[in-house]
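Please look over the sequence and the structure below before reading on.

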Amino acid sequence: MKTTRTLATAVAAAVTAPLLLLAAAPAYATTVTPPPAPPAVAEPSPLTKGPSIADLEKAVAKARKAHEEAVAAKEAAYEVLVKELRKDYKESDWPEAIALVAAEKAATEAAAAHTTAVKALEEAKAKLAALPETATEEEREAAEKAVADAQTAADTAAAAKTLADQERADARTAFDDRRVAMARQYSVLTEAVKKAAADLAAAEKALADAKKDQDDDLCAGDDALVAELTGLPEKVTAGTSVDLTVRVTNNTGEAVDRAFGQVTLLPGSKELVPLFKPQYRTATSDKWRDWNSWGIGVNVGALKPGAHADFKLRLNPAASLKSWSGSLRVIGEYERGDDCAMNTTPKSHKFQVVAPTVMPAPTTTPNTPTQQGGTTTTPLTGGTTTTTGGTLAKTGSSDAMGGLAAASGAAVALGAATVFATRRRRTTDA
């Protein structure tokens, strides 16, 4: 399957809220195919794979800046290199060039001193050889001493010349190494430019490919597959629970391989889920499962044309959640082969969470019994009772009294039945 559904869900998330799909058992399907997790828009999902378009654009900008800096560094190094290579070392201000100039001067001076010393030695030797046989002993000793002194001076000058020549050679090597290092640095900068150019090309290609995938593989908009929410009252009492139903119906005219119902709490599912502790249950399972922090996306399986599948939702708003207003949003989505489509307009169902109704405490009224019938001795009309010889005698009864008694009994019975029915209904509703 292509990545179309992942990219399309990102578009839907931008309209509704970031949604992390959960794998759920299909309601009327023989196989379970959990949907892939979509990339989050407002906040990255833990299951998001690969960089986003925004990340790739940042990478291109960073690579372009690095390439520009590498080119600038190479051009600056080239200017310095050419300038130094064309310049005589005697004109350079490099420490190596200054040291070479000093070493050459010292070597020249040492060579001149050595030449002078050698010439003095030769002259001393010539004078010694030219002494006549008549020369005195003192004259011969002086000539011999002059030769010895000249020899010592010549040897010293030779040693100084050798040291100066070595120092000049070392200074020349150091200067040449500096020039080679500069050329090598330029070569390194050239390679850095090549690498920066390759990195920029790769970043631009990744961005272009991502945009092409987004354009080519975007899920189509289709509202024919319907996801409907039922059972949500306008007001839900905090501290209670309410069960809802989501029905996904395939009105596309063709079978779909996978159908999905996606649900989010708004505004801000991530913050609301802990307060509502919402759950869902598929038609093939009795187990209630918790939502993910972003919402749910339930795979109800394959659907034939006109077929539908349901799954249940349950909201459990916390008792502390009072005077809250929001909505549940539902989106339908399907996959058919390598293609996918989703609703262009999510359905929003508004509701309120209200505080529980507090019943007033019952009030009691004092019951003061009163004497029934008073103290009159006037006989009643109809059936009468007279006192004869200290005994009571029944003289008859009226039909009206009998009807009243029957009515009173019926009222008592009806009242009892009403109380019973009320209790039964309250017990059932509880």
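## The chain as a whole

Residues 24 or more positions apart account for 77% of the chain's contacts with a separation of 6 or more, where contact means heavy atoms within 4.5 Å. This is a predicted model, in which local features need pLDDT of at least 70 and side-chain atom pairs count only at pLDDT 80 or more, while totals for chains, interfaces and linings use all residues. Residues are numbered from 1 along each chain as its sequence is written, and side-chain values use heavy atoms, with hydrogens and water left out.

The chain holds 6 helices and 14 strands, which are DSSP runs numbered from the N terminus (helices H or I, at least four residues; strands E, at least two). Of its 430 residues, 31% are buried, that is, under 20% relative accessible area, with exposed meaning over 50% and partly exposed in between (1.4 Å probe, protein chains only).

## The nonpolar cores

A nonpolar core is a set of buried Ala, Val, Leu, Ile, Met, Phe, Trp, Tyr and Cys residues joined through side-chain atoms within 4.5 Å. The largest has 35 residues, and within it Leu313, Leu328 and Phe351 touch the most other members. Among the elements that each supply at least two residues of this core are α5 (269-276), β10 (324-336) and β12 (347-354). Another core, of 12 residues, lies apart from it and includes Leu81, Tyr89, Ala97 and Met182.

Beyond its neighbours within four places in sequence, Phe351 is in contact with residues including Leu232, Phe276, Trp324 and Leu328.

## Ala153

Ala153 lies in helix α4 (residues 137-216) and is partly exposed, with a relative accessible area of 37%.
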